[in-house]
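Hello,

Here is the structure I promised to hand over. My notes follow below it.

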Amino acid sequence: MEIIQTENINFRNKIIALYLETFSSGQSEQYIDSTEISRYIDGFFVDGKIIIAHSSNHLEGVLLYGQLNKDQLLPNKIKDNFQLEKCLYIAEIMVSEEFRGKGIGTQLIRSFFENADKEQYSDVFIRVWDENLAALSLYEKMGFQTVSSMNQKKIKADKSGTFDMKKIYLHKKLV
Ligand SMILES: CC(C)(COP(=O)(O)OP(=O)(O)OC[C@H]1O[C@@H](n2cnc3c(N)ncnc32)[C@H](O)[C@@H]1OP(=O)(O)O)[C@@H](O)C(=O)NCCC(=O)NCCS
């Protein structure tokens, strides 16, 4: 297995499949629109960055990141206290279910810190659902600290209505 930052479009479909596999069946039971997700992933090939953990046969994990100022939902506490153009945002991190618990999430985040442009950026943020204890524990182990939170409206998996998810923003300095 190797971990690399890549712009190789050949990984596009596998990244979309991993996203759908991860978040359609997760504990949150939210509705996922696959066309919208394809567009969202394509955006990272245009103006984001992509780190993958892969072997010859499998895409084992992915980390997607970009500039923080693209996050429309950013709490004022962050807007007012950081220079947004100097901040990166880890938008997604996901490890294929059969490969979890083997250190891949940890290695993806380490690779992010190695690859991030530290001349242009000084800080990184990540947003996580407060009930996602695996992810929260991983980020805290990697040195991230909670700075703010917000409620995000999500559509229920059966489309019968919406519900609020409490999201926590965590922060770490790049160097
Ligand atoms: C969160 C996720 C990326 C972790 O990836 P992973 O490769 O399994 O993580 P690692 O093996 O590197 O584990 C590192 C640490 O994370 C925490 N962790 C990982 N899985 C955990 C679990 N099931 N329960 C509690 N803590 C867990 C632990 O602190 C672990 O450290 P330890 O091994 O010393 O106990 C993975 O579970 C995943 O893809 N989940 C679904 C997608 C998701 O929720 N992404 C985050 C959205 S913000």
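**Ligand shell**

Of the 19 residues around the ligand, those that come nearest are Arg-100, Gly-105, Thr-106, Ala-134 and Leu-138. A residue counts as near if its C-beta atom, placed from the backbone, lies within 6 Å of the molecule. Helix H5 (133-141) is among the elements that supply at least two residues of the shell, as are E4 and H4. H5 gives the largest share, six residues. Helices (H or I, at least four residues) and strands (E, at least two) are DSSP runs, numbered from the N terminus.

This is a predicted model: local features need pLDDT of at least 70, side-chain atom pairs count only at pLDDT 80 or more, and totals for chains, interfaces and linings use all residues. Residues are numbered from 1 along each chain as its sequence is written.

**Sheet**

Seven strands form an open sheet with mixed pairing, in the order E1-E2-E3-E4-E5-E7-E6. Strands pair if DSSP finds at least two bridges between them. The edge strands, E1 (2-6) and E6 (145-155), each pair on one side only. E3 and E4 are antiparallel, over seven bridges. Leu-63 stands opposite Ile-93 in E4. H4 packs on the sheet and touches E1, E2, E3 and E4. Contact means C-beta atoms, placed from the backbone, within 7 Å.

**A residue to look at**

What is Phe-125 in contact with, leaving aside its neighbours within four places in sequence? The partners are Leu-68, Ile-78, Cys-87, Tyr-89, Tyr-169, Leu-170 and His-171.

Best wishes

Technical notes. Contact = placed C-beta atoms within 7 Å. Axes fitted to C-alpha atoms, helices over the stretch in contact; angles between N-to-C directions.
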